[in-house]
Amino acid sequence: MTAPEFSSGAARLLAGDTLRLLSLSHFEPIFGPLSGRRVGLVDGVGNVGDHLIYAATRQLLDAFGVDWIEQQPGDRDEIEYLLLFGGGNMGSNYLREMRRRQSALRPDVPSIVLPQSWMSPEPGPYWRCYVRERRSLTHCPDGVLAPDLAHRLRCRHRTT
């Protein structure tokens, strides 16, 4: 068996070159207003791609100077906003994730759904929802179009 051939872009990545990330300005509408605020962050229970989004979320919170803590459904820490995980799992096709979001909601704290793909409508009440693509606006008409947070994930290349 022969070694796999890589495109020049993949070869550069494997050699340690960095990829161009979206500018922080693309994420300012989401995280800028939260700068200096105390927020709770609820992660989902998603797949490997979702975990990349969760890592990017933490990097963005830090880059914008947000005072954040991890939250689990039922936590009652003093926070000003509750951030609910981004990804591609909004709607009734993903009952486990929908239940996790809904069990984390608090009547005294506005909840923000980070950029998601909506597969069907999902009951809130969510204070603000970000959608990753225009077709999600069909199921979330009040959603705000925003990039997937993974487009800002900074990874380090390790050599062994």
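Reader: Let's start with F64: buried or exposed?
Author: F64 is buried, because its relative accessible area is 13%; the cut-offs are under 20% for buried, over 50% for exposed and partly exposed in between, with a 1.4 Å probe and protein chains only. A word on the basis: this is a predicted model, where local features need pLDDT of at least 70 and side-chain atom pairs count only at pLDDT 80 or more, while totals for chains, interfaces and linings use all residues. Residues are numbered from 1 along each chain as its sequence is written, and side-chain values use heavy atoms, leaving out hydrogens and water.

Reader: Thanks! How many aromatic pairs turn up in the whole structure?
Author: The search finds 3. One of them is F31 with F64, a stacked pair with 6.0 Å from centre to centre and 20° between the planes. Rings of Phe, Tyr and Trp (its six-membered ring) pair if their centres lie within 6.5 Å; planes under 30 degrees apart are stacked, over 60 edge-to-face, and the rest tilted.

Reader: Where do F31 and F64 sit in the chain?
Author: They are 33 residues apart and link distant parts of the chain: F31 is in helix 2, F64 in the loop between helix 3 and strand 2. Helices (H or I, at least four residues) and strands (E, at least two) are DSSP runs, numbered from the N terminus. F31 counts as buried because its relative accessibility is 0%.

Reader: And what about Y81 and W127?
Author: Their ring centres are 5.5 Å apart with the planes at 45°, so that pair is tilted. This one also joins distant parts of the chain, 46 residues apart, with Y81 in strand 3 and W127 in the loop between strand 5 and strand 6 (128-131). Y81 is buried at 16% relative accessible area, whereas W127 is partly exposed at 45%.

Reader: Which residue lies over the face of W127?
Author: R128 does, at 4.4 Å from the ring centre. A charge counts as over a ring if NZ of Lys or CZ of Arg is within 6 Å of the ring centre and within 35 degrees of the ring normal.

Reader: Switching to helix 3, what is its reach?
Author: Helix 3 (residues 48-63) has 16 residues and spans 23 Å from its first C-alpha to its last, close to the expected 22 Å. That expectation is 1.5 Å times one less than the number of residues. Its buried residues include D50, I53, Y54 and L61, and their cover includes helix 2, strand 1 and strand 4.

Reader: Last one: where is pLDDT under 50?
Author: Over residues 1-17; pLDDT is the predictor's confidence in each residue, from 0 to 100. Where it is low, the predicted coordinates should not be read in detail. The chain averages 88, and 85% of the residues score at least 70.

Key: Contact means heavy atoms within 4.5 Å.
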